[in-house]
Amino acid sequence: MPEMKKIFAICGNTLEVSSNLRILQFLQKQSESKLVFEIFQDLAGLPHFNPALDGENPPAAVLAFREKIADATGVIICTPEYVFSLPGSLKNALEWTVSTTVFDQKPCGLITASAHGAKAHESLELIMRTIGARFEEQHRLLIQGVKGKFDNEGQLKDEVTKARLNEFWQAFIQLMDQIFPKSPHS
Ligand SMILES: Cc1cc2nc3c(=O)[nH]c(=O)nc-3n(C[C@H](O)[C@H](O)[C@H](O)COP(=O)(O)O)c2cc1C
């Protein structure tokens with residue numbers, strides 16, 4: 001039996017509870033038991049990028065992070081904007097992938113969920129194109145005013161946002177199916 005497709009979802013927020021994490025958890029529920037959907041919440045566990053350490057023996061946490069990306073059928077990044085850019089911890093993690101080909105042709109979905117977020121969203125697109133990720137317009141989603149989209153219990157209450165996330169999800173599944181008609185692991 002072929003292995004299930006695997007999604008590696010990177011949360012750009014290092015908080016234990018955040019709107020960005022909740023968005024990924026909302027998508028995780030869509031995947032039911034048909035896909036493996038792993039949420040990575042440990043950007044803070046990666047060392048600061050240092051070209052001197054990016055040789056033959058990079059730090060173990062970096063190797064593990066790269067392996068998760070390489071092994072995934074697709075990667076989703078969901079991030080807030082910090083001072084009109086990506087959070088430093090997310091940018092740091094992406095810097096550790098530049099010397100590799102882990103993102104080359106990798107189906108990617110890019111969500112920026114923030115108060116405003118337009119600059120970070122633009123920057124994320126440029127970075128991901130530069131490192132070879134595969135995505136089109138329908139695989140990008142900017143959610144502005146994100147904190148107001150949840151109720152007091154942390155449930156996504158905004159129907160428009162739910163619909164946009166569902167559309168994004170369908171498009172992302174199609175992208176993975178298009179690039180890997182069967183599981184890449186089978
Ligand atoms: C250091 C810092 C800088 C921020 N800068 C921006 C910014 O430039 N643009 C923006 O939209 N939000 C900014 N924010 C607000 C966050 O994006 C906001 O918390 C967002 O809703 C993220 O949601 P979450 O933390 O619940 O995942 C900033 C927050 C922090 C902590």
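This is a predicted model: local features need pLDDT of at least 70, side-chain atom pairs count only at pLDDT 80 or more; totals for chains, interfaces and linings use all residues.
Contact means heavy atoms within 4.5 Å.

Five strands form an open sheet, paired in parallel, in the order S2-S1-S3-S4-S5. Strand S2 (36-40) and strand S5 (140-144) are the edges, and each pairs on one side only. Ignoring direction, neighbouring strands are turned by 15° against each other on average. In general, the strands of a sheet pair through backbone hydrogen bonds. Look at S4 and S5: they run parallel and are joined by five bridges. Leu141 in S5 is the bridge partner of Ile111.

**Helices on the sheet**

Helix H1 lies across S1, S2, S3, S4 and S5. Helix H5 packs on the sheet and touches S1, S2, S3, S4 and S5. The table gives their directions.

| Helix | Residues | Angle to a strand |
|---|---|---|
| H1 | 19-30 | about 175° to S2 |
| H5 | 159-179 | about 165° to S5 |

**The cores**

The largest nonpolar core has 27 residues. Ile10, Val75, Ile77, Leu94, Phe103 and Met128 have the most contacts inside this core. At least two core residues come from each of strand S1 (6-11), helix H2 (60-71), strand S3 (74-79), helix H3 (88-95), strand S4 (108-114) and helix H4 (118-130). H4 supplies the largest share, four residues.

Take Ile10 as an example. Leaving aside neighbours within four places in sequence, Ile10 is in contact with several residues, including Leu24, Phe40, Phe65, Val75 and Leu90.

Another core, of 26 residues, lies apart from the largest one. Among its members are Ile7, Ile76, Leu165 and Phe168.

How values were computed
Residues are numbered from 1 along each chain as its sequence is written. Side-chain values use heavy atoms; hydrogens and water are left out. A nonpolar core is a set of buried Ala, Val, Leu, Ile, Met, Phe, Trp, Tyr and Cys residues joined through side-chain atoms within 4.5 Å. Buried means under 20% relative accessible area, exposed over 50%, partly exposed in between (1.4 Å probe, protein chains only). Two strands pair if DSSP finds at least two bridges between them. Axes are lines fitted to C-alpha atoms, for helices over the stretch in contact, and angles run from 0 to 180 degrees between N-to-C directions.
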